[in-house]
Amino acid sequence: MGYKILKSLWVGFLLLFYFSVPAQGEITAKPGIFDHFQFDAPHAIVAGKEYRIILYAVDAFGNPVNMPSESIKEYKLSVTGSAQISPQSFKAKDIGQEGLNIKIIDEKAEEVIVSLYEANSPFPLLENKIKVLPDSISSLFVKVPQTVAVGEEFSVQILGKDRYGNIVCKEFDPSLLNIFFKGDVSPQIKNIQYVQETCSATLRLYTEKMGSFYLEANILNRNISGKSETVKILNGDVAQFIVEAPSEAIVDEEFEIRILAVDKFGNLVSNFSSQKERVKIEAQGKGYIFPAELSSYAFSNGIARVGLKYDRPEEIKIAVKVLRENFIKGESSSIKVNPPKIKRFEIVSPDTIIAGQKFKIKIIAYNQFDKIMTNYNLYGKTVILKSSGTGTLTPNRIPASAFVNGAAIVELMYDKAEKFAIMASTEEEIIPSTEVKSKEEKKYQEITRKKVSKAKKETKDKKRVITSKELLELKNISLVETKNSATLSIHIPNFEKKGGFHPRTKKLGKMMSITVDIYPVANKIEKPLQFESDFIKEISISEEQNKIALNISLKKPLKYRLSKKKDELVIEFRRG
């Protein structure tokens with residue numbers, strides 16, 4: 001009984017003690033003192049978007065703290081690459097327990113390092129790397145070469161880019177590309193390959209046609225596209241010549257051929273004129289072709305127009321080849337060279353004669369082109385002279401051999417004192433003739449002389465005002481010889497349109513020299529001229545203001561003729 005009472009008292013005491021002790025509060029753990037700095041920053045950000053970095057001052061265990069209020073230290077922030085950061089400097093008191101907010105933005109996809117320094121210290125207290133990722137794809141970039149040669153494969157690169165110009169890899173799917181070629185060339189796509197290292201699609205293209213094009217690309221079902229620069233497809237090397245010639249020509253009359261320099265794909269070789277090649281011209285026949293050589297200077301955009309002459313009637317073909325490389329050649333279709341035909345005669349006669357006494361007339365023969373038939377002595381017929389009066393002309397038959405350079409001067413006699421006209425024809429057919437009185441001829445000569453004098457004066461006046469920029473340039477002189485002829489080609493670009501010449505001949509016994517004044521021209525030949533020639537002894541060049549004098553000494557007297565071409569002055573020498 002006593003034990004139970006004692007037990008009851010003990011339990012009551014415990015209960016009384018429990019309820020009488022006051023309850024204890026939670027323990028608050030405060031951060032320690034400042035130990036170091038710490039960045040709270042993303043590992044990666046997107047280009048062009050602003051992000052926040054928080055700089056904390058922390059104790060040894062990483063708990064944010066307020067910087068000591070008595071601290072007067074200043075700090076600065078820097079960032080690598082193209083990123084921008086703010087603020088760039090601050091004081092210790094600016095960092096509270098909630099940290100310091102820092103703004104960062106970068107439009108370039110790159111890796112940047114954010115660094116914290118004490119002011120005036122070169123050593124960083126803290127650094128943090130952040131990767132800048134490209135933004136969403138907004139356009140395509142198409143990279144092409146500026147020029148390409150025909151027949152060679154070339155590469156085009158297509159990349160996806162964001163609005164800041166960064167290459168986008170993640171959203172770029174080459175299988176969704178649409179490709180378009182615009183221009184006068186549409187290349188063949190040989191291969192398309194995705195290159196993972198560069199995040200690009202590479203196209204291998206090929207074309208055999210000259211011209212230019214640009215490429216457009218877009219992504220299916222998305223408003224994302226791109227356009228390349230223009231690609232120029234250049235010709236290849238000369239592989240052959242195409243020779244275009246008329247089906248018929250006339251002996252000793254100029255006919256034009258076109259020579260096309262083409263590559264192995266048939267494209268005109270537009271830069272052939274700059275290759276300083278000599279091109280040989282041959283006639284597949286028994287006669288002689290003139291000129292027999294051509295310089296590549298004569299080609300413009302791969303085409304040369306050449307005036308040729310052939311000296312006998314027969315069917316021929318014109319063959320053209322590069323002298324240095326004979327395998328580069330071409331041949332025309334057949335040309336029928338016909339003998340010249342007389343079209344009309346012109347008779348120059350005096351106003352008055354005395355019956356029974358001799359007087360002179362001049363008979364001029366004209367061919368089917370109404371040009372003086374200079375080779376009438378070779379292809380003409382005996383000329384029959386008739387009078388419109390009652391008298392008799394003596395002689396009344398003039399052989400073709402009497403004609404020199406298309407004209408014959410003959411002595412006649414008429415036995416009647418009356419008015420009459422002289423008519424000329426041939427034995428085989430009636431040929432129209434025209435009689436011109438010698439007074440009228442003199443009048444025509446006087447008019448011509450005045451025109452020539454006026455032209456010379458105008459040329460002289462022009463020479464006075466020519467500037468150095470307007471001067472043409474003598475680039476080269478080439479000589480081609482056959483058994484009976486020689487051709488001297490003086491190469492002067494634009495000579496036909498802007499140049500002029502005046503020849504002078506000097507004979508001393510069996511020696512003959514020719515001086516040709518060429519204007520307005522400056523000499524650009526640096527090396528002395530040396531030729532091995534059966535016709536020409538020596539060539540020298542003297543230079544005056546606005547003109548050059550080409551001095552040609554011949555080994556023996558020769559006939560010669562000058563003619564202007566597009567880019568050259570040609571002097572033809574012939575025996576006899």
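Which residue's side chain meets that of Lys343 in a salt bridge? Asp370 does, with an N to O distance of 4.0 Å. A salt bridge here is a side-chain nitrogen of Lys or Arg within 4 Å of a carboxyl oxygen of Asp or Glu, and the structure holds 21 of them. This is a predicted model, in which local features need pLDDT of at least 70, side-chain atom pairs count only at pLDDT 80 or more, and totals for chains, interfaces and linings use all residues. Residues are numbered from 1 along each chain as its sequence is written, and side-chain values use heavy atoms, leaving out hydrogens and water.

**Around Asp370**

- Asp370 also pairs with Arg344 through a salt bridge of 2.8 Å, N to O.
- Because Arg344 lies in strand β31 and Asp370 in the loop between β32 and α2, this pair ties together parts that are 26 residues apart in sequence. Helices (H or I, at least four residues) and strands (E, at least two) are DSSP runs, numbered from the N terminus.
- Asp370 is partly exposed at 34% relative accessible area, and Lys343 is partly exposed at 40%. Partly exposed lies between buried (under 20% relative accessible area) and exposed (over 50%), using a 1.4 Å probe and protein chains only.

**Lys475 and Glu473**

- Lys475 and Glu473 form a salt bridge whose closest N and O atoms are 3.0 Å apart.
- Both partners are partly exposed: Lys475 has 36% relative accessibility, and Glu473 has a relative accessible area of 30%.
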